[in-house]
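Trainee: I have a new model open. Please show me how to read it, one feature at a time.

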Amino acid sequence: MAYDESAFRRSDTASTDPIGVGADDSRFRGEPGFREEPEFRPSSNGFGGRDPDTDARRGAFDDVLDDGDESGRDRLGIHVVWEITLLLAIGAVGFLYYREDSAALSGDRLDQLLVFATALGVLALGAGLSMRAGAPNLALGPVAIASALNFAENGDKGVVLATMPALAVAAAVGVALAVLVVGFHVPGWAASFALALGAVVYIQQRSVPVEVQGGYDPTRQSLYLFGAFLALALLGGLFGTIRTVRRAVGRFRPVGDPARRRGALAATLTAGSLVLSMLFAVVAGVLFASGTGGEPVTPAVGFDLTGLAVGAALLGGTSAFGRRGGVFGTAFAVVLLTLFIGYADASDWRISRYAVAGAVVAAGLVVTRLVETFGRSGADSDEDDDWESDTSSTGWSTRESWSSALPAQPTGRTDPWDRDRWPSR
């Protein structure tokens, strides 16, 4: 019998623990002479017994709002340090941009820059919300381009009349996506990628750039629009610091078998996050179309916008696994990306947006690793199990067995106490 087998442990416990404190006495219940002692271990009510009502309420609360895997509080220190780093990077890139082209940070060009930052920021909020819910939405870019084309064709009807049908369609598509993700319990990135391909089909029906109809110019309210984006990002980040809210929104994040369903609350919040992210994409598309300074909207697949939005959310500290995220990180990452793109254009670097998006996503994945590593509390640290630890370093083999068979008795012996019968080994 192996050293670490369960049977050996029970026999060893029984021999060293005669009063049965550490042994499992359930197998002796009902036997003659067995007396069940009261439980003296620490309990929820502070006395020797358990409080069934309190335990039931606590179990129900944890089942609804906890993620079922990690019990400690998330550390926000890593987000504070990283957001300070992003703020310093904004100052450095902004200085380089101003030195290269100071006119870009004033007047009408600054208004266009703020509108672009707002549109990209709204997309990043949609990406960050869906990632926090554990179902990343990769259809944001194509949906934004489709919305921009729709607004360019119908902008003469007015902002409200041109946008409301697109919002209704996006909400319906978002509900379909949510049903696919939470109903069939499949990864959000895969389902949204299929939806993105459908949006690309809609975009490819236009072969030439579309002139923007109507006279709506968001650059006149650029400061208000950008301020609204900052306020929305800050409000979402502050709500995300509340443990109950954070874990409820991120409950769809898998903690074991990914096929295991996470409950009705996780399904509801994840579905709402997906629908809301689709609405954000429509608003971003309207800003992209109307904030170009009269330039036509060029049909494009839009995956570069998806990469920039997802990259901004990741770079801001939102975990690719869901749940965890910072406060100011997404807003700082959007500002940094906007300044870098403007600086690259002013310097005539001719860098593809896909290259920028790929680099930002790669950097954001590194940030995710930092957030997941240093954002865990001490209660979530891995601990080695005394019984299940690797036995290779101790020299004990799990395949060893102890034989209890006695040596065979020699024939022809008459003396039962003959010493030759028990040879030494």
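Mentor: Keep in mind that this is a predicted model.

Trainee: What should the 15 residues of helix α5 span at 1.5 Å a residue?

Mentor: The expected span is 1.5 Å times one less than the number of residues. For α5, residues 140–154, that gives 21 Å. The end C-alpha atoms are 21 Å apart, which agrees.

Trainee: How many helices and strands are in the chain?

Mentor: The chain has 13 helices and zero strands. Along the sequence, the pattern reads α-α-α-α-α-α-α-α-α-α-α-α-α.

Trainee: What share of the contacts with a separation of 6 or more joins residues 24 or more positions apart?

Mentor: The share is 79%.

Trainee: Now burial. What percentage of the 425 residues is buried?

Mentor: Buried residues make up 39% of the chain. The accessible surface comes to about 23700 Å². Carbon and sulfur atoms hold 60% of that surface.

Trainee: Which residues make the nonpolar surface patch of about 340 Å²?

Mentor: V159, V160, M164 and Y216. Take V159 as the example. V159 lies in helix α6, residues 159–183.

Trainee: Why does V159 count as partly exposed?

Mentor: Partly exposed sits between the two cut-offs, under 20% for buried and over 50% for exposed. V159 has 30% relative accessibility, so V159 counts as partly exposed.

Methods:
Residues are numbered from 1 along each chain as its sequence is written. This is a predicted model: local features need pLDDT of at least 70, side-chain atom pairs count only at pLDDT 80 or more; totals for chains, interfaces and linings use all residues. Side-chain values use heavy atoms; hydrogens and water are left out. Patches are made of residues with over 30% relative accessible area and no salt bridge: like charges are joined within 9 Å, nonpolar side chains (Val, Leu, Ile, Met, Phe, Trp, Tyr) within 5 Å. Accessible areas come from the Shrake-Rupley method with a 1.4 Å probe; for residues, only the protein chains shown count as cover. A salt bridge is a side-chain nitrogen of Lys or Arg within 4 Å of a carboxyl oxygen of Asp or Glu. Helices (H or I, at least four residues) and strands (E, at least two) are DSSP runs, numbered from the N terminus. Buried means under 20% relative accessible area, exposed over 50%, partly exposed in between (1.4 Å probe, protein chains only). Contact means heavy atoms within 4.5 Å.
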